[in-house]
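Hi there,

Here is the structure I promised to pass on. Have a look at it first, and then read on for my notes.

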Amino acid sequence: MIKTVLSALFLLTLLSGYGQEHSKNEDPSEKDSLGIPVLNLATFHMRPTPDENSVEFDNSDQEALIETRYISKQIAKFKPTVICVEIEPSENKKLNLAYNKFVTDSISDSSYAGEINLLAFEIGRLCKVDSIYGINHKMNYDYNINDKITNTLDPITFDAYYKNPLLSAPNKVAQLNDMNTLDKLRTINEEDFLDFLIIENADMLTHVGSKNNFEGADEAAKFYQRNLRMYSNLNRVPVTRKDRILIIMGGSHTAFFREFLKRSPKYRLVNIDEYLR
């Protein structure tokens, strides 16, 4: 037994030493080039949406439209070769017919109003991107499960949070609708805001459940599953190491993708702050 433990310690020492020596000799620029660069942009829906919480945006306001064109030019500096959006993959043919029409005639298709037209199509046009890929996956989950059961799991935490969830949100959130479009995007792409979106949409449900049951956690798991399936859809997109991927989605999906991309051996997450100036 002692001999086995000593052997294991010796092996760990060798591995630790190898890692230190390897890191000394590693070229930082080479390390940065290993993954496919991904710009993971959180946006609000710049169109009518069934979402329970939405950010105000008037897509008939000329000043707002001028601002989105400026934002598109800033994001285009990333030089994406692949753009992914919150549309189902089954719509890819229809999506790209609308995109090609936009590129050729600058005519917007009302089927893809909002951030798809204003950002994805415009950035694609500026960067001469061949195709736009839908990676969304719809799954229903019961966000209001607490209202349908007697919550005996942790009603104190859950009820206190939902009396005023903004108390747990980053300070800027209450002023979101008073900001211009660029500042709205800057705010919802901040780390603490993305964390807040995961808590708000999923993690707080782990405080909901009846005796010996996990109703809230089970509903939260569906939202996690939806985002994992969306990430799987990203992995279906044909790319090479020479590609540069731009993902444009609602903030809660971006928040989950941030976690997946940070740990990925395939992708390299690019700092969004550099392109929201």
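**A buried aspartate**

D243 is buried yet forms no salt bridge: R244, the nearest side chain of opposite charge, lies 9.1 Å away. Please keep in mind that this is a predicted model.

So what does the side chain of D243 make a polar contact with? Its partner is the side chain of T81, at 2.7 Å. The side chain of D243 also reaches a backbone atom, the nitrogen of T240, at 2.8 Å. As for its setting, D243 sits in the loop that links α9 (215-236) to β4 (245-250). If you leave aside neighbours within four places in sequence, the residues in contact with D243 are I36, P37, T81, V82 and P238.

- β4 pairs with β2 in the parallel sense, over four bridges; here I83 has L246 of β4 as its bridge partner.
- β3 (residues 132-134) also runs parallel to β2, and three bridges join the two; here V85 stands opposite G134 of β3.

**Helix α10**

How many residues of α10 are buried? Ten of its 13 are, so the helix is largely enclosed by the rest of the structure. The buried set consists of G251, S252, H253, T254, A255, F256, F257, R258, F260 and L261. These residues pack against β1 (36-43), α8 (191-201), α9, β4 and β5 (267-269). From its first C-alpha to its last, α10 (residues 251-263) reaches 19 Å, close to the 18 Å expected at 1.5 Å a residue.

**One more residue: F102**

F102 is in helix α4 (residues 92-105). Is it buried or exposed? With a relative accessible area of 8%, F102 falls under the 20% cut-off and therefore counts as buried. F102 and E122 are 20 residues apart in sequence, while their C-alpha atoms are 8.3 Å apart in space.

Best wishes

Key. Residues are numbered from 1 along each chain as its sequence is written. This is a predicted model: local features need pLDDT of at least 70, side-chain atom pairs count only at pLDDT 80 or more; totals for chains, interfaces and linings use all residues. Side-chain values use heavy atoms; hydrogens and water are left out. Buried means under 20% relative accessible area, exposed over 50%, partly exposed in between (1.4 Å probe, protein chains only). Lys and Arg count as positive and Asp and Glu as negative; His and the chain ends are not counted. A salt bridge is a side-chain nitrogen of Lys or Arg within 4 Å of a carboxyl oxygen of Asp or Glu. A polar contact is a pair of N or O atoms within 3.5 Å; within protein, one must be able to donate a hydrogen and the other to accept it, and residues adjacent in sequence count only if both atoms are side-chain atoms. Contact means heavy atoms within 4.5 Å. Two strands pair if DSSP finds at least two bridges between them. The expected span of a helix is 1.5 Å times one less than its number of residues.
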